[in-house]
Amino acid sequence: MKETIQIEPGAVRLLKKLNAAGYPAYVVGGCVRDSLLGLVPHDWDLCTAARPEQVMELFGEENCIPTGLQHGTVTIKENGTLYETTTFRTEGSYTDGRHPDRVEFVPDVREDLARRDFTINAMACHPEEGIIDPFGGREDLKRGIVRAVGQPHERFEEDALRILRLYRFAARFGFAIDPATGQAARELCGHLDCVSLERIEDELSRLLAAPKPGRWMEPAVFAAVLPELEINEETQRFEKSCEVIDALPAGMEDLPARLAALLAPLREKGVRKALRRLRCSNAKIEKTAVLVREMGLAPEPENLPLQARLLLGRLEPDTLRRLLLLCGAEHPEQAEAFDALEKAAERLTKEHACCRVKDLAINGRDLMEMGAAPGPGLRRMLEALLEEVITGQLPNEREALRRAAAQFSAS
């Protein structure tokens, strides 16, 4: 782990301008954590003693977005990059278990860091002062541990979403969870009902997209956010789902496969209902539900090219790829067969093989010009032609298909 960090040049310029105007300022939070870990931060967030109106006056309203003035946050535009800048603050009680009832601006960055969730996120840095770390975040990074700032129960009672964030950060970095912090999270996970479903879905997705999240998929927490799974009564089934998830590719691209592994016991209808409740996008719901519907697939090693063509006839290539990964992870004893089926599908896709009616070298208009009547009979004729192409009885060539269509019409 690094001992110092290189602050991004745009952030340095903003810090210098704030300092020159008499306002202490630092980069803070995730950008400090990720830099110390040798990762490239996605964003560089700032905190400062300047109040929102002072930030806007200093940088000009045309260069500022009043993101959350009541909480002291202004987003500064600098050379096409956005920098979220928040006034040092402390927070009052959290009556709703999610948002502070009031915030109070303070002059000291250490007071601001004291309100943050975990020690690894409660660090600030300045080009000249170095790293400000009052709660041992650097040491916890070295030890590979996620620990709440101060009293864990207080942090989670303030904002229950931090419970999911705890497991998400631990899974992302492969860190252990501080025992007292983990105990508080399990005891208070029922408070997640105070959190918006959209925020729960976002954190749940990030957790599931981590490299191998199974170890951090705490049953009590998942039982609270996905009661449909009845995890407390189906512990072994949940453990099996975690193993399958760990065997699947990480990242958001293949998240539907991991969601399908988790939600498979609900079957297609239950999956759609559960994901709609979590306010998932229609695309995510559809991709996940289709995978759950198709999970009973069995490979046919003696006839892989034909099976691959038939599957590509009803599934998009990406959907089929995820399905075969999912089936291989669920049935590791057949992983080689599923892998061979995936390779056969990849070859067909690369060759632009005819797998659907739309891929035929002839279409409905051609058949109508030959005298076929529009309607269901026309569709059946196209499907019959497709079947003969897929099974190799006909080449996908216009004249050959016209001759075959004429014979169908005559019969």
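Where in the chain is the place of Arg-267? I started my notebook with this one, and I found Arg-267 in helix 13, which covers residues 267-277. A reminder to myself before going on: I am reading a predicted model.

**Entry 1: Arg-267**

I looked up the backbone of Arg-267 next. Its phi is positive, at about 60°, although Arg-267 is not a glycine. Then I asked myself: is Arg-267 buried or exposed? Its relative accessible area is 64%, and the cut-off for exposed is over 50%, so I noted Arg-267 as exposed.

**Entry 2: Glu-230**

I turned to Glu-230, another residue that has a positive phi without being a glycine; here the angle is about 50°. Where does Glu-230 lie? I traced it to the loop that runs between helix 10 (219-225) and helix 11 (235-246).

**Entry 3: Glu-369**

My next stop was Glu-369, which I found in helix 18, made of residues 364-369. I wrote Glu-369 down as exposed, because its relative accessibility is 62%. How many Å lie between Glu-369 and Asp-339, C-alpha to C-alpha? I read off 44 Å in space, for two residues that are 30 residues apart in sequence.

**Entry 4: the whole chain**

I counted 20 helices and 11 strands in the chain. Along the principal axes, the C-alpha atoms fill a box of roughly 90 × 50 × 40 Å. What radius of gyration does the chain have? I found 28 Å, whereas a compact globule of 411 residues would have one near 22 Å.

I also checked how much is covered: buried residues make up 50% of the 411 residues. For contacts with a separation of 6 or more, I noted that 63% are between residues 24 or more positions apart.

**Entry 5: surface and charge**

Definitions and conventions. Residues are numbered from 1 along each chain as its sequence is written. This is a predicted model: local features need pLDDT of at least 70, side-chain atom pairs count only at pLDDT 80 or more; totals for chains, interfaces and linings use all residues. Side-chain values use heavy atoms; hydrogens and water are left out. Helices (H or I, at least four residues) and strands (E, at least two) are DSSP runs, numbered from the N terminus. The radius of gyration is taken over C-alpha atoms; the globule rule is 2.2 Å times the number of residues to the power 0.38. Buried means under 20% relative accessible area, exposed over 50%, partly exposed in between (1.4 Å probe, protein chains only). Contact means heavy atoms within 4.5 Å.
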